[in-house]
Amino acid sequence: MLPITKNAVYDQNQIFYKTEYQKILTHFSSYQKAKNDILKSPSGTIYIKIILLVIAIIILIFFGEFISDNLKYALLLGLGLVNIITGLFDNHQIQKLEKIDLLKLNYETLLVCPKCRSKLINQSYTYWKEKQSCNNHKCDVNFYP
Ligand SMILES: [Zn+2]
């Protein structure tokens, strides 16, 4: 990770920070990509659920005529129960949030306005790519002169 350059230190007379901003956007792009990867990662239990569902479908299609209706209901209810139970014990969402917190910690000092150092991390990469100015109203920075 590249450190913020000395040019980024507050200079009241400097308004245009295009070069610094381009560097920040590069960091932002990596941050956004890493964040999206975490958000998109599927839970491990999804594979168990898919496998069980495929097995149940195969049983019903190929052996449906040999098993009683009661057993079919039990099979379907069992599938529903597995779905509920794995959902209860799945802490995948919590793990995702923890990973995102650690990622934020790594990037929050890099993703700041080059002039006033206010945080940019709470908006998305797309937002800052189009934005010309800082969200701090007292800051007169211009990212794309
Ligand atoms: Zn600013």
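1. Helix H2 covers residues 45-63, which makes 19 residues, and the distance from its first C-alpha to its last is 26 Å, close to the 27 Å expected at 1.5 Å a residue. H2 is hardly covered, since the count of buried residues among its 19 residues is 0. The model described here is predicted.

2. On confidence, the mean pLDDT of the protein is 88, and 92% of its residues reach 70 or more. In H3 the confidence is lowest, at a mean of 89, whereas H4 has the highest, at 95. Where pLDDT is low, the predicted coordinates should not be read in detail.

3. The protein holds 5 helices and 0 strands. Read from the N terminus on, its elements follow the order α-α-α-α-α. The radius of gyration is 25 Å, well over the 15 Å that the globule rule gives for 145 residues, so the protein is more spread out than a compact globule. Along the principal axes, the C-alpha atoms fill a box of roughly 85 × 25 × 25 Å.

4. How is the protein divided into domains? The domain assignment gives domain 1, made of 6-41 + 93-130, and domain 2, which is 45-89. The centres of domain 1 and domain 2, taken over C-alpha atoms, are separated by 45 Å.

5. Of the 145 residues in the protein, 10% are buried. Among contacts with a separation of 6 or more, 62% are between residues 24 or more positions apart.

6. Helix H1 (residues 18-40) has 23 residues, which at 1.5 Å a residue should span 33 Å; its end C-alpha atoms lie 32 Å apart, and this agrees. Which residues of H1 are buried? They are Tyr21, Ile24, Phe28 and Tyr31. These buried residues pack against helix H4 (92-107) and helix H5 (125-130).

7. The largest nonpolar core has 12 residues in all: Tyr17, Tyr21, Ile24, Phe28, Tyr31, Tyr107, Leu111, Cys113, Leu120, Trp128, Cys134 and Phe143. H1 supplies the largest share of this core, with 4 residues. In soluble globular proteins, nonpolar side chains tend to be buried together.

8. Phenylalanine 28 belongs to helix H1. Is phenylalanine 28 buried or exposed? Phenylalanine 28 is buried, because 23 other C-beta atoms lie within 10 Å, and 20 or more are needed for that class. Not counting residues up to four places away in sequence, phenylalanine 28 touches Leu111, Tyr125 and Trp128.

9. Tyrosine 31, one of the buried residues of H1, touches Leu103, Tyr107 and Leu111 when residues up to four places away in sequence are not counted. Leu111 is also touched by phenylalanine 28.

10. Tyrosine 73 is placed in helix H3 (residues 69-89). With 10 other C-beta atoms within 10 Å, tyrosine 73 is exposed, because that class takes in residues with 12 or fewer. The C-alpha atoms of tyrosine 73 and valine 112 are separated by 58 Å, and these residues are 39 residues apart along the chain.

11. Where is arginine 117 found? Arginine 117 is in the loop between H4 and H5. Its phi is near 65°, a positive value in a residue other than glycine. Arginine 117 is partly exposed, with 16 other C-beta atoms within 10 Å; this count falls between the limits for exposed residues, 12 or fewer, and buried residues, 20 or more.

12. Glutamine 132 lies in the segment after H5. Glutamine 132 is exposed, with 10 other C-beta atoms within 10 Å. Leaving aside neighbours within four places in sequence, glutamine 132 is in contact with Asn142, Phe143 and Tyr144. Glutamine 132 and proline 145 are 13 residues apart in sequence, and their C-alpha atoms are 8.4 Å apart in space.

Terms used: Residues are numbered from 1 along each chain as its sequence is written. This is a predicted model: local features need pLDDT of at least 70, side-chain atom pairs count only at pLDDT 80 or more; totals for chains, interfaces and linings use all residues. Helices (H or I, at least four residues) and strands (E, at least two) are DSSP runs, numbered from the N terminus. The radius of gyration is taken over C-alpha atoms; the globule rule is 2.2 Å times the number of residues to the power 0.38. Two residues are in contact if their C-beta atoms, placed from the backbone, lie within 7 Å. The expected span of a helix is 1.5 Å times one less than its number of residues. Domain bounds come from an automatic or database domain assignment. A nonpolar core is a set of buried Ala, Val, Leu, Ile, Met, Phe, Trp, Tyr and Cys residues joined through C-beta atoms within 7 Å. pLDDT is the predictor's confidence in each residue, from 0 to 100.
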